[in-house]
Amino acid sequence: MRILILGPQGSGKGTQAKRIAGAYGVPHVATGDMFRAAVADGSELGLRVRPILERGDLVPDDLMVELIRARLAGEDGFVLDGFPRTVPQAEALDAMLDEIGKPLDVVLLLEVSDDVSLARLLGRRAAEGRTDDAPDAIRNRLRLYHELTEPVVERYREEGRLVAVDGEQTVDEVAGAIEAALEQVGAQA
Ligand code: ADP
C-alpha cells in the first residue's frame, strides 16, 4: 500500500499514520521526524534545517525532493506524512512514482479547523516542548499550510483521488473512518 496522508498541523496525521503503518506493515515516512532526528544528531542536514524548523518555515523544495527520492527508493509501500507540502513537491512525487509504475493507492485528508489545530498544538507544546510549537511559529506554519499546501489538497481533490475524513472526532473514530476508506481501495490489514 502506498498511502499519502494530508492535513494541517495538529490534525492528527502523525498519530494516524503510525497506526496505519503498524496495521498494514508499511514504513511511516514522516519528514518532520526525519528533520528532528537530523537536528538531534547535529548532522550537516540538521544544522542546515534547524533555523528553518524553528521559524516554522518550509525546507526548500529541491532539498525536500532529493531527500524523499532517496528515502522512498526501494520501498514498495509506505505512509507518507509531511510531504508533499507544495505543488512543485506534489508534481515531483507524482513524476517519481509514475517513473517506477507505483502510483499512490489513496490520498487521505484529515480535516480540522484552525481553532482546533491551534488548541492542539499549544497543548502539544506543553507536553512535548517542540520548539516550532511556539505561538509565532505555529501561526506561520498554519499560514503556509493554507497558502502552499491547500493547493496540493485541491489538486488531488480535482483528480478524484482524495478521501476526506473529519479529524475533529476522537482518535479511534478517525482511525475507524480511515480503515473504512482503506478497505474501499482494497487494503488488507
Ligand atoms: P507540522 O505538520 O506540525 O508543521 P512536521 O513535523 O510535519 O510538522 O514538520 C516540521 C517542519 O519540518 C516543518 O515546519 C518544516 O519546516 C519542515 N518540513 C517537513 N516536511 C516538509 C516539506 N515537505 N517541505 C518543506 N518543509 C518541510
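This is a predicted model: local features need pLDDT of at least 70, side-chain atom pairs count only at pLDDT 80 or more; totals for chains, interfaces and linings use all residues.
Local features need pLDDT of at least 70 and side-chain atom pairs count only at pLDDT 80 or more, while totals for chains, interfaces and linings use all residues. Residues are numbered from 1 along each chain as its sequence is written, and side-chain values use heavy atoms, with hydrogens and water left out.

**Exercise 1. Find which residues come nearest the ligand, and which side chains have an N or O atom by one of its oxygen atoms.**

Step 1. A residue is near a molecule if one of its heavy atoms lies within 4 Å of it. There are 19 residues around the ligand, and Thr31, Arg36, Asp57, Gly82 and Arg141 come nearest.

Step 2. Sort this shell by class: six residues are nonpolar, five polar and eight charged. Here Ala, Val, Leu, Ile, Met, Phe, Trp, Tyr, Cys and Pro count as nonpolar, Asp, Glu, Lys and Arg as charged, and the others, Gly among them, as polar.

Step 3. Look for polar contacts, pairs of N or O atoms within 3.5 Å. A ligand oxygen is 3.0 Å from a side-chain N or O atom of Arg85. For Gln9 the distance is 3.2 Å, and for Arg124 it is 3.4 Å.

Step 4. Now check the cover: the protein hides 96% of the 550 Å² of accessible area (Shrake-Rupley method, 1.4 Å probe) that the ligand has on its own.

**Exercise 2. Work out where the ligand sits and what lines that place.**

Step 1. The ligand sits in the largest pocket, as more than half of its atoms lie within 2 Å of the grid points. On a 1 Å grid over the protein atoms alone, a pocket is an open set of points with protein on both sides within 12 Å along at least five of seven lines, and a lining residue has an atom within 4 Å of a point.

Step 2. The volume of this pocket, the space filled by probe spheres set on the points, is about 920 Å³.

Step 3. Its lining has 43 residues, with Lys13, Arg36, Asp81, Arg124 and Arg130 nearest the centre. They divide into 13 nonpolar, 17 polar and 13 charged.

Conventions:
A polar contact is a pair of N or O atoms within 3.5 Å; within protein, one must be able to donate a hydrogen and the other to accept it, and residues adjacent in sequence count only if both atoms are side-chain atoms. On a 1 Å grid over the protein atoms alone, a cavity is a set of points where a 1.4 Å probe fits but cannot get out, and a pocket is an open set with protein on both sides within 12 Å along at least five of seven lines; lining residues have an atom within 4 Å of a point.
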